[in-house]
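Please keep the structure in view while reading.

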Amino acid sequence: MSAILEQLAPESTLADDRYADIRRRAHQRLMQHGFPDLKTEAWKYTSLKLLEKRELSTASGDVVASPEALPFSADVIRFDGGLVDEAPTNLPAGVRLEPIDPVELVNLDYGDRAGAMAWLNLARFEQAWKLVIESVLDRPLVLAMTLPEGFSASVHPRLKIEVASGAEAVLIEQQRDHGEGLVNIVQDIELQRGARLRHVISRRNAGSVWVQRTRVSVAADADYRCCALELAGRLVRQDLAVHLLEDGANGEIDGVAFVDSRQHVDWHTAIDHEVGHTNSRESFRILADGSGVGVFNGRIHIQRGADDSHSDLNTANLLLSENARINTKPELEIYAEEVTASHGATIGQLEDSALFYLRSRGLPVDQAMALLKFGFAAAPLEQAQPAAVREWLNADLHSVL
Amino acid sequence: MLKISNLHVAIDDKEILKGVDLEIGPGELHAIMGPNGSGKSTLGYALAGREGYDITAGSVEFEGEDLAEMEPEERAAAGLFLAFQYPVEIPGVNNAYFLRAALNAQRKARGEEEIDSMNFLKAVRESLKSLKMDEALLKRAVNEGFSGGEKKRNEIVQMAVLQPKLAVLDETDSGLDIDALKLVAEGINAQRDGKRSFLVITHYQRLLDYLTPDRVHVLSDGRVVESGGEELAERLEAEGYAFLEEGSEA
């Protein structure tokens, strides 16, 4: 993978600004560890070799790419080509977008080569923003990231999101890729005491390699709920780690991914119960058609002393063709007492009996199959709130099935 | 309406129907009775076109058309309806959405205009009411979490909305208590308009008490071995299917 290193991380191109020392340190760590390969456990099913074949330019700020219109009212922050020129002036009361203080980036550690893409982000980020939400928002806040056709750069967006004590928000990431570049995002989300965040990820990609690492920390009585609709792309890797740090913290993940030929999606989630009296729930579904590949790894970790914690993890998967592949793995590690932790994993195919039932009522075979796929895929989206957002996600799902 | 001639049907090369002859005219209600394993449900599935139910000999004509040449959805659009013995649960698919999609698919196939949602809802609500079904069922997933009786009644609701020319009811009475049985019978009778035909597959006579069939046929070992009027059903109820054995020995 040294070719990727050469291509992606030539030291001479590192920007010389107040983050320069941070980038240099990250660059050294990246060179030291190298990139993951198929022997790296966390990257066993997902190869980054595709990047070697790409001539990626450096991201520039002059990309203009209008996000798709939304069928509900919302406040939108645009990341055209992955970047924001300057903080928008029309943000709702209690919301700020500002550059991150370098101090906050000094002690970050992404470990060994499994964390290479996060090191790469820290070595090459163009901008580092902090989004602060300090009030109860009355309509969704949308981060619209659009990569236009012909996009062939590498971009490394970096975003910290703070939801202050008592604040509440529906935060939607509307991510649309039409290009063939590299998008390598690192996000840190912090929910302070009693904060509530509904985090919606709606992603539909074309040819870009999309790597996103999201780390969420949840303080006492705070509530984090993620709902994701992943409509694939050439290569997508999402890491989502939720850390339940204090009493009463709640973390939930609902997601569905659809992959077709020449598409690869890999979701690695981890929910870490660091203390007791914390709850989590996760439901993730993959539908794989054509020669598509879907990977799901869901880890639940209940640490020593995190007694009276409760967790439920469920993954269901649908193989729609002989050449499609799904690798799914629930992982439970429990070191505490008085814990309830349940998990289930299934991989199946469309049922002939259900298909016949629908056809016997007059639905043509294509329509019957689409309805069955939709019925399977829509279940995790039922958790999405408010209803207008749920309907928007359902409509998007409908459009691909 | 329906003309079955010397019908042979095999599943996995095992012959289940071994030469069934049956003719149903417009507006007629015929009952098929028979012991377990006689091939009753196979006949229903073969008529509806289930994959794996291979017609190896004979023919089925539905309004002059060869059913064997038609896909299940084409049969539905032509006016054939099968009420399933075990209605299938379809998680995640809304009952009302499904039924409207099915009706519109049939109408489209027949070159008719789509039904608007007002008229659709009116039709569904009426049949739900007559079958004493909760309207909330419309918002639930198809058959999911329905009781056995609700599933069977839901089949009759579908029949009432889809308005087929021929309805094949496969043991719609099984698993119903007497009140539900009466409702289902009323639902069927409400659809009898002198043109619509019915083939009622049942194990017991009790449903037929409310339906007054024009003809009763007894299926045994893949063949129709007896046909008659209502009195045949009564005789079966009184004597059981044992006489079939005697008959074949004689």
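Helices (H or I, at least four residues) and strands (E, at least two) are DSSP runs, numbered from the N terminus. On that basis, chain A has six helices and 20 strands. The model is predicted, so that local features need pLDDT of at least 70 and side-chain atom pairs count only at pLDDT 80 or more, while totals for chains, interfaces and linings use all residues. Residues are numbered from 1 along each chain as its sequence is written, and chains are lettered from A and ligands numbered from 1 in the order in which they are written.

**Chain A as a whole**

- The C-alpha trace of chain A spans about 65 × 50 × 45 Å along its principal axes.
- Buried residues make up 49% of the 401 in chain A; a residue is buried if 20 or more other C-beta atoms, placed from the backbone, lie within 10 Å of its own.

**Helix packing in chain A**

- Helix H2 (residues 20-33) and helix H3 (residues 116-124) of chain A have axes that come within 7 Å and cross at roughly 150°. Axes are lines fitted to C-alpha atoms, for helices over the stretch in contact, and angles run from 0 to 180 degrees between N-to-C directions.
- H2(A) and H3(A) are therefore roughly antiparallel to each other, a term for angles over 145 degrees.
- Residues making this contact include Ala26(A) and Leu30(A) of H2(A), and Trp119(A) and Leu120(A) of H3(A). Two residues are in contact if their C-beta atoms, placed from the backbone, lie within 7 Å.

**The side of chain B that touches chain A**

- In chain B, 22 residues are in contact with 19 residues of chain A.
- Helix H2 (72-78), strand S7 (90-94), helix H3 (95-109) and helix H5 (148-162) of chain B each supply at least two residues of this side. H3(B) gives the most, with six residues.

**Helix packing in chain B**

- The axes of H3(B) and H5(B) come within 10 Å and cross at roughly 35°.
- Leu99(B), Ala102(B), Leu103(B) and Gln106(B) in H3(B) meet Gln158(B), Val161(B) and Leu162(B) in H5(B).

How values were computed:
Angles under 35 degrees count as roughly parallel, over 145 as roughly antiparallel, 65 to 115 as roughly perpendicular and the rest as oblique. A residue is buried if 20 or more other C-beta atoms lie within 10 Å of its own, exposed if 12 or fewer, and partly exposed in between; C-beta atoms are placed from the backbone.
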